[in-house]
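Have a look at the fold before reading on, and keep the viewer open for the side chains.

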Amino acid sequence: MTRQQERILIYMEESGSITPLEAFAELGVTKLATRVSELRREGIPIVKSSETRKNRFGETVTYARYSLPQDKDTRANDKRWSIEGEAR
């Protein structure tokens, strides 16, 4: 698992979800969708939802919000959820 992938997982665990703008501003990750795809290939289930808002110019924009499944008990018993060999 790469450092960017680790940061994304930790951020989602602590904040509940992440958007591309949050990934860039908070974690320096410019290709969130790519990192999420890589994490999914490793077997980590990540939920995607779409949100629609107005931008600062009044235009309607749609963006992705990624989150982990709500069932933390399932994640706690799955070794894929450990980062650097430590249970999260």
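Helices (H or I, at least four residues) and strands (E, at least two) here are DSSP runs, numbered from the N terminus. With that in hand, find R65: R65 sits in strand β3, residues 60-67.

A word on ground rules. Residues are numbered from 1 along each chain as its sequence is written, and side-chain values use heavy atoms, with hydrogens and water left out. This is a predicted model, where local features need pLDDT of at least 70, side-chain atom pairs count only at pLDDT 80 or more, and totals for chains, interfaces and linings use all residues.

**The overall picture**

The protein chain has four helices and three strands, running in the order α-β-α-α-β-β-α along the sequence. pLDDT is the predictor's confidence in each residue, from 0 to 100; the chain averages 88, and 81% of the residues score at least 70. The stretch to treat with care is residues 84-88, where pLDDT stays under 50. For that stretch the model has seven contacts (heavy atoms within 4.5 Å) beyond four places in sequence.

Of the 88 residues, 32% count as buried. Buried means under 20% relative accessible area, exposed over 50%, and partly exposed in between (1.4 Å probe, protein chains only). Among contacts between residues at least 6 apart in sequence, 48% join residues at least 24 apart.

**Helix α3**

In helix α3 (residues 32-41), the buried residues are L32, R35, V36, E38 and L39. Seen down the axis of α3, these buried residues fall within an arc of 160° (taken from the directions from the helix axis to the C-beta atoms), so they line one face of the helix. Their cover includes α1 (3-15), β1 (17-18), α2 (20-27) and β3. Just after α3, G43 takes a positive phi of about 95°.

**Who pairs with whom?**

Side chains of opposite charge can pair when their charged atoms come close. A salt bridge here is a side-chain nitrogen of Lys or Arg within 4 Å of a carboxyl oxygen of Asp or Glu, and by this rule the count comes to four. Among them are these:

| Salt bridge | N to O distance |
|---|---|
| R65 and E22 | 3.8 Å |
| R65 and E51 | 2.5 Å |
| E38 and R35 | 2.8 Å |

Take R65 with E22: R65 lies in strand β3 and E22 in helix α2, so the pair ties together parts that are 43 residues apart in sequence. E22 is partly exposed, with a relative accessible area of 24%. R65 also pairs with E51, which lies in strand β2 (residues 47-54), 14 residues away from R65. E51 is buried, at a relative accessible area of 16%. E22, E51, R53 and R65 are linked in a network of salt bridges.

The E38 and R35 pair stays inside helix α3, where the two are three residues apart and separated by about one helical turn. Both E38 and R35 are buried.

**Back to R65**

What else does the side chain of R65 join by a polar contact? That would be the side chain of S17, at 2.8 Å. A polar contact is a pair of N or O atoms within 3.5 Å; within protein, one must be able to donate a hydrogen and the other to accept it, and residues adjacent in sequence count only if both atoms are side-chain atoms. Leaving aside neighbours within four places in sequence, R65 is in contact with S17, I18, T19, E22, V47, K48, S49 and E51.
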